[in-house]
Amino acid sequence: MDKKGILIIGAGGVSTVATVKSAMNIDTFEKITLASRTLSKCEHIKNIVKEKTGVDIDVKQLDADNTDEIIKLIKELNPKVVLNVALPYQDLTIMDACSATDTHYIDTANYEHPDEAKFEYKLQWERNDNFESRGLTALLGSGFDPGVTGVFVKYIEENYLDTIEYIDIMDCNAGDHGYKFATNFNPEINLREVSANGRYWENGQWIETTPLEIRVDWDYPEVGVKASYLLYHEELESLAKNVKGLKRIRFFMTFGDSYISHMNCLQNVGMLGIEPVEHKGMMITPIEFLKTLLPDPASLGSRTKGLTNIGCVCEGLKDGVRKKFYIYNVCDHEACYRETASQAVSYTTGVPAMIGTKLVYNGKWNLRGARNVEEFASQDYMDELMTQGLPWKVIEMGI
Ligand code: NDP
């Protein structure tokens, strides 16, 4: 029987957007099933999808930590592509279930072990042969960053510069949700990322910084000047490998003073810890308990106002002349909420997750193996961004 339809795994904020947007593209996807650990969350998204698009989707309960359980569900549904928008902890189990069932795989975040605050592509790239030998694609990191940022770099390389020597990825969320402290996506993943040491790549070497050590005040188009801090981010690893002639790549993200002072305080008292501690005879993991206390990111949508601006500043040579281009997208939290019942951080991830899935599903992106987005030709993805809600601009900057 021919493989048909998509299986989306995970039912959080990013999934809400990816599922609504997939339903808006039902002519391509034919059939959508959403599976996650908590069935009621799938049913909640199913209702949003019906309200926003009129499309009916199927829902299933699934523990995606269990490869055999995923294989069983894939065999039952026979989808052509699985989109993983659960957590980075499930990347390997879902990848293994996909290669075992001849199913294409897409995700938005690089594998992390729950007990170690460290992420890298190694274990996912090691699965390249499992996909390549079966004529399958595993598209790694098709969110915004990673994801669109890699496609942006590729687009500049294909259209504006002969070689890119310097890349700064600039990620600004100027949205205000009215809480003193909350994270815009999964708190555990977000806080682990921000509280870790920073790192950037220069002249073939990784240079480590202490958390939030390097700050620049960057003028984001349509948003204004915002304090931006250097972080390690996963696309640095793949772009340092895939952009020929690159001399330096860095990643900056904006944080307000309130966010930083809360995070420092939580870190100082041990609330960001990932090791279990004993509390009244029970073992609890501090950062998991903190997640229970903080607002659910999915609930921020209706309260968040303001813009995001995420883009890449690429400097290099064109016909021997040094040039610098800034390519970016601006997104409005309230517009995202009206369209998909989710705020812009989920939106800017969920839309590219759907686009990557669409291009693999319809065969336009058909490189085989475990690949990052910048390994594919950019034009189809850039066209989809324009029409699916994430329009972009390129401006030339002075040197
Ligand atoms: P959420 O925490 O809102 O949602 C995660 C979902 O995964 C929840 O529904 C959760 O279920 C489900 N899940 C967790 N464990 C399992 C499991 N073992 N089996 C089945 N389902 C499971 O996260 P977000 O929507 O904010 O983020 C989703 C992904 O997107 C993450 O990997 C994140 O890192 C990534 N991301 C990528 C970005 C990018 O630009 N590339 C930006 C932002 C996020 P339950 O609720 O029952 O626990």
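Reply: What follows starts at the ligand and moves on to the backbone and the cysteines.

This is a predicted model, in which local features need pLDDT of at least 70, side-chain atom pairs count only at pLDDT 80 or more, and totals for chains, interfaces and linings use all residues. Residues are numbered from 1 along each chain as its sequence is written, and side-chain values use heavy atoms, with hydrogens and water left out.

Start with the shell. The ligand is surrounded by 28 residues. The closest are Arg37, Thr38, Lys41, Ala64 and Asn186. By class, the shell holds 13 nonpolar, ten polar and five charged residues. Here Ala, Val, Leu, Ile, Met, Phe, Trp, Tyr, Cys and Pro count as nonpolar, Asp, Glu, Lys and Arg as charged, and the others, Gly among them, as polar.

Where does the ligand lie? It lies between domain 1 (6–140) and domain 2 (148–344 + 392–397), because both give residues to the shell. The domain bounds come from an automatic or database domain assignment.

Now the atom pairs. Aspartate 63 places a polar side-chain atom 3.2 Å from a ligand nitrogen atom. Phenylalanine 144 has a backbone N or O atom 3.0 Å from a ligand oxygen atom. Aspartate 145 has a polar backbone atom 3.0 Å from an oxygen atom of the ligand. On its own, the ligand has 930 Å² of accessible area, and the protein covers 93% of that. Such areas come from the Shrake-Rupley method with a 1.4 Å probe.

Aspartate 145 has another feature. A cis peptide bond joins it to proline 146, with omega about 10°. Proline 146 sits in the loop between strand S6 (137–140) and helix H8 (148–159). Helices (H or I, at least four residues) and strands (E, at least two) are DSSP runs, numbered from the N terminus. Most peptide bonds are trans.

Last, the cysteines. The whole structure has zero disulfides, meaning pairs of cysteine sulfur atoms within 2.5 Å. Cysteine 42 is buried, at 0% relative accessibility. Cysteine 331 is buried too, at 4%. Buried means under 20% relative accessible area, exposed over 50%, and partly exposed in between (1.4 Å probe, protein chains only).

Notes:
A residue is near a molecule or strand if one of its heavy atoms lies within 4 Å of it. A polar contact is a pair of N or O atoms within 3.5 Å; within protein, one must be able to donate a hydrogen and the other to accept it, and residues adjacent in sequence count only if both atoms are side-chain atoms.
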